[in-house]
Amino acid sequence: MDAIIVRNLRRVYKSSDGIIKRKVKEVVAVEDVSFEIHQGELFGLLGPNGAGKTTTVKMLTTLLIPSGGSATILDLDVVKDAGKVRPRIGFIFGGERGLYWRLSALDNLRYFASLYYVDTQVARKRIPELIELVGLQGREREKVEGYSRGMRQRLHIARALLHDPQVLFLDEPTMGLDPVGARELRTTVKNLQSANKTILLTTHYMFEADALCQRIAVINKGRIVALDTPERLKENVQDLSVVEVEVYGMPPDQIEKIKTLEWVVEVSLENRDQVQVLQVHTPKGAEAIPMLVENLNGLRLGRIITREPTLEDAYVRLVGGAK
């Protein structure tokens, strides 16, 4: 059974520019998006900034009305049956809004349980269970203002689960978390999926999607460009190796020059701490290193390695190097 069915979903925004003669133009945020999410599946939606991820999630959570197409959640239309959809879903977003910092976690959950019309007896039993699920036992009576960012995000998850929704939307839940907080949150998400919740996850972190998601849709410029399991998406780049070169002060024109080389498929530049890392996708593997060094003549270079492609490399290939 499919918990979510999306068919040809579209969303257009209108914007205007000019002072005297104002011109109204349409901006297409989502165009002809279709996919299904199975009951109990953890499904990933990946894409660069502005690709349409959050717009898609907002339409599915009834926060935005689609300009075209349709979407159903548990056989309920997100537009016609919005009032019936909302009690059945939970929406968790990255960031720190949505909690009362001067209240304890326990008081926050009690307050939101009353807003969600959760029966008092049910809430009294459910709140301790949720506190344990998200790993906040022993800290639930402390004020939220003293929590770390990761603890607040886990409290967000507990809040979204108060009414026991069947479908959860996690919009970049680990955004801005430190590595320990992000790891703890991923463990919580895995626990949710094992409890047979249907989850749609948007994230910028490829390793996170690879570790958590059963299937992944890649969206770029408002359109789905790939949809498959992480393993099969990675098969799209198995014909390539990745050469990584630490460089210092890489000029843009030199990057463009590297892109034109016949043995180069894709190029990206990433900042890591105090160094830039040039990533070159090539079928030549280690054979490409001498040629690459020759084309980087005049630059100070650091470590050079070759590695097998990852889900991130498949993603870069799909979206054309967009980040």
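Student: Which residues line the second largest pocket, and what makes them lining residues?

Tutor: In this predicted model, the second largest pocket is lined by His204, Tyr205, Met206, Phe207, Glu244, Glu270, Arg272, Gln279, Arg307, Thr310 and Glu312. A pocket is an open set of points on a 1 Å grid over the protein atoms alone, where a 1.4 Å probe fits and protein lies on both sides within 12 Å along at least five of seven lines, and a residue counts as lining if it has an atom within 4 Å of a point. Residues are numbered from 1 along each chain as its sequence is written, and side-chain values use heavy atoms, with hydrogens and water left out. Local features need pLDDT of at least 70, and side-chain atom pairs count only at pLDDT 80 or more, whereas totals for chains, interfaces and linings use all residues.

Student: How many residues of that lining are charged, and what makes a residue count as charged?

Tutor: The lining has five charged residues, beside three nonpolar and three polar ones. Asp, Glu, Lys and Arg count as charged, while Ala, Val, Leu, Ile, Met, Phe, Trp, Tyr, Cys and Pro count as nonpolar and the others, Gly among them, as polar.

Student: Why is the contact of Arg272 with Glu244 called a salt bridge?

Tutor: The rule asks for a side-chain nitrogen of Lys or Arg within 4 Å of a carboxyl oxygen of Asp or Glu. The closest N and O atoms of Arg272 and Glu244 are 3.4 Å apart, so the pair meets the rule. Arg272 lies in strand 12 and Glu244 in strand 11 (residues 241-248), 28 residues apart; strands (E, at least two residues) are DSSP runs numbered from the N terminus.

Student: How do you know whether Glu244 and Arg272 are buried or partly exposed?

Tutor: Buried means under 20% relative accessible area, exposed over 50%, and partly exposed in between (1.4 Å probe, protein chains only). Glu244 has 7%, so this residue is buried, whereas Arg272 has 28% and therefore counts as partly exposed.

Student: What other residue meets Glu244 in a salt bridge, and what makes the pair one that ties together separate parts of the sequence?

Tutor: Arg307 does, with 2.7 Å from N to O. Because Glu244 lies in strand 11 and Arg307 in strand 14 (residues 300-307), the pair ties together parts that are 63 residues apart in sequence.

Student: Which residues are linked in a network of salt bridges?

Tutor: Glu244, Glu270, Arg272, Arg307 and Asp313 form that network.

How values were computed
Helix = DSSP H or I, 4+ residues; strand = E, 2+ residues; numbered from the N terminus.
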